[in-house]
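This report covers core packing, salt bridges, surface features and backbone geometry. The chain under discussion is shown next.

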Amino acid sequence: MGTPIGNLDDMSIRALRVLKEVDLIAAEDTRHSIKLLNHFEIPKKMVAYHQHNEQKSSEGLIALLKQGQNIALISDAGMPLISDPGSVLVKNCVENGIAMEVVPGPNAGLCGLVLSGLDTRAFLFLGFLGKENKAIKEGLKRIEEAEVTTVLYESPHRLTKTLEALEKFGLGHRQMSISREITKRYEETIYGSISEHNQYYQEHTPRGEYVLCIEGKTDDEARTITNLEIEGLSIADHLAHYINEGIPEKEAMKQVAKDRGISKRDVYNVVKR
């Protein structure tokens with residue numbers, strides 16, 4: 001079940017009805033969710049269901065569901081399972097033939113995407129990049145190769161590190177929107193290149209939770225041949241590749257020269273002799 005990501009007015013009528021009707025609420029953090037229940041005057045029993053007890057808690061919840069109890073699963077904010085616990089319970093319900101219903105609600109990633117000004121027809125959602133170097137590098141590679149908009153989550157104390165990593169990975173030219181505190185009092189979305197955002201947050205302290213939306217591979221990137229591919233091509237074949245992509249000959253010669261680190265005249269001399 002989806003819950004508000006900041007503005008309690010976003011709680012749906014259906015969600016309120018279901019919370020009142022269920023026998024039990026499984027919450028990511030009962031201390032956080034009790035504030036939600038108290039606000040809407042819903043005196044309901046809760047149990048903790050979070051990433052550290054997910055497997056064990058799922059077993060207990062499945063047993064209760066088999067007894068005929070109705071249980072609502074909620075996270076601290078937004079939709080469960082989307083960078084939040086819940087996948088183990090849903091998988092176990094499927095395996096045990098237990099019927100489920102989804103009660104939709106707000107989602108920070110989708111809200112950020114809608115605000116991004118980037119292509120929304122398709123997107124790659126990566127959630128948090130992670131803290132380990134291997135996970136970060138794998139995430140950066142997926143962003144580099146994505147031809148669609150990428151959506152990330154980031155915390156305030158890690159935002160600058162992520163922006164620096166994106167720029168160092170050679171993605172500084174890509175356009176990006178950064179939204180913070182979506183639906184809350186200080187909601188803000190700023191736009192620019194990754195390099196511009198990196199510079200901005202070197203001078204401004206990050207505050208709040210962030211959604212980053214990064215444009216997919218640009219036309220220029222898609223046309224560029226990798227160094228490994230260049231090694232197997234003659235200059236003439238290299239030029240032919242770009243011309244076959246529909247690039248005018250003069251522009252193609254310029255790109256070949258850039259790829260190989262030679263002058264445009266060197267390219268001209270080879271292909272025109």
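Which side chains meet in a salt bridge at 3.8 Å, N to O? In this predicted model, the pair is Glu181 and Lys184. Glu181 is buried, at 18% relative accessible area, whereas Lys184 is partly exposed, at 35%. Thr183 lies in the loop between strand S6 and strand S7 (188-193). The phi of Thr183 is positive, about 75°, although Thr183 is not a glycine.

**Salt bridges**

Side chains of opposite charge can pair when their charged atoms come close. The count of salt bridges in the model comes to eight.

| Salt bridge | N to O separation |
|---|---|
| Arg14 and Glu101 | 3.4 Å |
| Lys141 and Glu144 | 3.1 Å |
| Glu181 and Lys184 | 3.8 Å |

The pair of Arg14 and Glu101, with its closest N and O atoms 3.4 Å apart, links distant parts of the chain. Arg14 belongs to helix H1 (residues 13-21), and Glu101 to the loop between H4 and helix H5 (108-115), 87 residues apart. Arg14 is partly exposed, with a relative accessible area of 32%, while Glu101 counts as exposed at 69%.

Lys141 and Glu144 are both in helix H6, and because they are three residues apart, about one helical turn separates them. Lys141 is partly exposed, with a relative accessible area of 38%. Glu144 is partly exposed as well, at 24%. For the Glu181 and Lys184 pair, the N to O value is 3.8 Å.

In soluble globular proteins, nonpolar side chains tend to be buried together. The largest nonpolar core of this model has 21 residues, and the members touching the most others are Ile143, Leu163, Leu166, Met176, Ile178 and Leu212. Two or more residues each come from strand S4 (123-127), helix H6 (133-145), helix H7 (159-171), strand S6 (175-180), helix H8 (194-203) and strand S8 (210-214). H7 gives the largest share of this core, five residues. Apart from this core lies another, of 16 residues, including Met1, Leu16, Leu36 and Leu37.

What does Met176 touch, leaving out residues up to four places away in sequence? The contacts are Leu163, Leu166, Ile190, Tyr191, Gly192, Ile194, His197, Leu212, Cys213 and Ile214.

**Surface patch and backbone**

A nonpolar patch on the surface is formed by Leu81, Ile82, Leu110, Phe123 and Phe125, which together have about 390 Å² of accessible area. Ile82 is found in the loop between strand S3 (71-74) and helix H4 (87-95), and at 34% relative accessibility Ile82 counts as partly exposed. Leu81 is placed in the loop between S3 and H4 and is partly exposed, with a relative accessible area of 36%.

Most residues other than glycine have a negative phi, and most peptide bonds are trans. Leu81 is not a glycine, yet has a positive phi of about 80°.

**Helix H11 and what follows**

Which residues of helix H11 (residues 235-244) are buried? They are Ile235, His238, Leu239 and Tyr242. These residues lie on the same side of H11 because they cover an arc of only 95° around the axis.

Asp259 is located in helix H12 (residues 249-260). Is Asp259 buried or exposed? With a relative accessible area of 15%, Asp259 is buried. Between the C-alpha atoms of Asp259 and Glu209, which are 50 residues apart along the chain, the separation is 39 Å.

**Lys137 and Phe169**

Lys137 has its place in helix H6 and is exposed, with a relative accessible area of 58%. From C-alpha to C-alpha, Lys137 and Phe169 are 8.9 Å apart in space, while 32 residues separate them in sequence.

Note on methods: Residues are numbered from 1 along each chain as its sequence is written. This is a predicted model: local features need pLDDT of at least 70, side-chain atom pairs count only at pLDDT 80 or more; totals for chains, interfaces and linings use all residues. Side-chain values use heavy atoms; hydrogens and water are left out. A nonpolar core is a set of buried Ala, Val, Leu, Ile, Met, Phe, Trp, Tyr and Cys residues joined through side-chain atoms within 4.5 Å. Buried means under 20% relative accessible area, exposed over 50%, partly exposed in between (1.4 Å probe, protein chains only). Helices (H or I, at least four residues) and strands (E, at least two) are DSSP runs, numbered from the N terminus. Contact means heavy atoms within 4.5 Å. Patches are made of residues with over 30% relative accessible area and no salt bridge: like charges are joined within 9 Å, nonpolar side chains (Val, Leu, Ile, Met, Phe, Trp, Tyr) within 5 Å. Accessible areas come from the Shrake-Rupley method with a 1.4 Å probe; for residues, only the protein chains shown count as cover. A salt bridge is a side-chain nitrogen of Lys or Arg within 4 Å of a carboxyl oxygen of Asp or Glu. The arc is that of the directions from the helix axis to the C-beta atoms.
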